[in-house]
Amino acid sequence: MAISEGGRCVSADIAAGLSPAAALFHSLSDETRLRIVARLARGEARVVDLTGELGLAQSTVSKHLACLRDCGLVDYRAEGRQSFYALTRPELMDLLASAEQLLAATGHAVALCPMPSRAGDPAEQARPS
């Protein structure tokens with residue numbers, strides 16, 4: 001259950017009519033989650049490892065790991081008092097590799113696609129109309 005812009009999880013978006021495919025891509029639409037996934041593709045890691053390597057706050061890493069766990073993309077194993085997080089679906093890396101190939105083939109034209117306005121987003125408010 002990825003967190004949507006409105007603070008709802010993707011399961012709420014699905015209940016509101018968003019397709020499961022759109023919900024999957026929505027869960028991967030956050031750069032922090034993509035960075036966590038990329039790091040976990042190299043092997044399992046603890047929250048403390050991720051905070052240090054990615055330069056993020058513990059609460060940020062924990063929130064995004066919970067999102068990825070709720071989506072079934074990440075899980076953890078306990079060893080004593082430590083939790084080691086890992087990807088659960090190796091196909092995810094195939095999907096992301098395909099996305100990178102698509103971006104390379106289109107010259108990153110997707111960056112030019114108009115994004116729906118997000119109320120309250122400072123970046124959106126700063127854009128000229």
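Reader: Which residues are linked in a network of salt bridges?
Author: Arg39, Arg42 and Glu53 form such a network. Bear in mind that this is a predicted model.

Reader: And how many salt bridges does the count come to?
Author: The count comes to seven.

Reader: What does Arg77 pair with?
Author: Glu44 is one partner, with the closest N and O atoms 2.5 Å apart. That pair links distant parts of the chain: Arg77 sits in strand β1 (residues 74-79) and Glu44 in the loop between α3 and α4 (47-54), 33 residues apart. Arg77 also meets Glu79 in a salt bridge, at 2.7 Å from N to O.

Reader: Is Arg77 buried or partly exposed?
Author: Arg77 has a relative accessible area of 35%, so it counts as partly exposed. Glu44, at 34%, and Glu79, at 42%, are partly exposed as well.

Reader: Switching to Arg33. Where is it?
Author: Arg33 lies in helix α3, residues 31-41.

Reader: Which side chain of opposite charge is nearest to it?
Author: Asp30, 4.4 Å away.

Reader: What does its side chain reach, then?
Author: The backbone oxygen of Ser27, at 2.6 Å.

Reader: How do α3 and α5 pack?
Author: The angle between α3 and helix α5 (residues 58-70) is about 80°, and their axes are 10 Å apart. The two helices are therefore roughly perpendicular. Arg33 is among the α3 residues that make the contact, along with Ile36 and Leu40; the α5 side includes His64 and Leu68.

How values were computed. Residues numbered from 1 in each chain as written. Predicted model: local features only at pLDDT ≥ 70, side-chain atom pairs only at ≥ 80, totals over all residues. Heavy atoms only, no water. Helix = DSSP H or I, 4+ residues; strand = E, 2+ residues; numbered from the N terminus. Buried < 20%, exposed > 50% of the residue type's maximum accessible area, 1.4 Å probe, protein only. Lys, Arg positive; Asp, Glu negative; His and termini not counted. Salt bridge = Lys/Arg side-chain N within 4 Å of Asp/Glu carboxyl O. Polar contact = N/O pair within 3.5 Å; in protein donor to acceptor, adjacent residues only side chain to side chain. Axes fitted to C-alpha atoms, helices over the stretch in contact; angles between N-to-C directions. Parallel < 35°, antiparallel > 145°, perpendicular 65-115°, else oblique. Contact = heavy atoms within 4.5 Å.
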